[in-house]
Amino acid sequence: VDDARNRVYVVSKESNSLYVLDTRTRKVLYTENLGAEAYTCRLTPDGKKLLITLWGAGQLIVWDADTQKRERTIAVGDNPNDLCIRSDGRYAFVANADDNSVSVVDLAAGKTMETLVATLFPNAPTGSTTNGVALSRDEKTLFVANADNNCLAVFDVSSPGKSTSR
């Protein structure tokens with residue numbers, strides 16, 4: 001939800017599309033085919049960028065909320081789904097269901113800078129199904145939900161690029 005612009009952003013895996021809706025008129029303002037199944041979208045804290053995970057393409061789209069155009073596409077892991085964004089808008093953490101990982105994305109640089117393995121054991125095969133991420137209030141700890149292992153992985157992300165398991 002973008003209260004400043006009176007907009008709601010919605011993605012759909014059935015139509016591979018982004019929809020921009022006006023909260024006052026309840027009309028669709030804009031639709032864009034994203035080219036693959038979309039999973040979720042979140043606005044950056046400043047409201048200028050919309051981040052969209054493409055489940056079907058292993059990508060994170062950075063979409064400009066002012067121009068309503070795709071700014072860039074960043075490669076992440078397989079089947080990206082949930083994401084969270086640090087409050088300064090510099091880093092995004094993307095859960096990747098099919099490779100049991102989290103991509104740490106440097107949004108300023110436009111690239112994945114680190115991949116966190118969220119399995120119970122370092123060389124575990126796929127099947128943990130990483131599907132949820134959340135930052136602690138101080139943003140130093142990342143909590144990662146693994147659906148099929150029914151467990152939580154915890155990482156120290158106080159220094160992105162040098163994260164460690166807790």
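Three aromatic pairs occur in the structure, where rings of Phe, Tyr and Trp (its six-membered ring) pair if their centres lie within 6.5 Å, with planes under 30 degrees apart counted as stacked, over 60 as edge-to-face and the rest as tilted. One of them joins Tyr9 and Trp63: the ring centres are 5.9 Å apart and the planes stand at 70°, so this pair is edge-to-face. Tyr9 belongs to strand S1 (residues 7–12) and Trp63 to strand S6 (residues 59–64), 54 residues apart. Strands (E, at least two residues) are DSSP runs numbered from the N terminus.

This is a predicted model, in which local features need pLDDT of at least 70 and side-chain atom pairs count only at pLDDT 80 or more, while totals for chains, interfaces and linings use all residues. Residues are numbered from 1 along each chain as its sequence is written, and side-chain values use heavy atoms, with hydrogens and water left out.

Tyr9 and Trp63 are both buried; buried means under 20% relative accessible area, exposed over 50%, and partly exposed in between (1.4 Å probe, protein chains only). For Trp63 the relative accessibility is 0%. Trp63 also pairs with Tyr30, and because the planes are at 40°, with centres 5.9 Å apart, that pair is tilted. Tyr30 lies in strand S3 (residues 28–33), so its pairing with Trp63 in strand S6 ties together parts 33 residues apart in sequence. Tyr30 is partly exposed, at 24%. Tyr9, Tyr30 and Trp63 are linked by ring pairs into a cluster.

Elsewhere, Asp106 sits in strand S10 (residues 101–106) and is buried, at 8% relative accessible area. Leaving aside residues up to four places away in sequence, Asp106 touches Arg90, Tyr91, Lys111 and Met113, contact meaning heavy atoms within 4.5 Å.

Methods:
Helix = DSSP H or I, 4+ residues; strand = E, 2+ residues; numbered from the N terminus.
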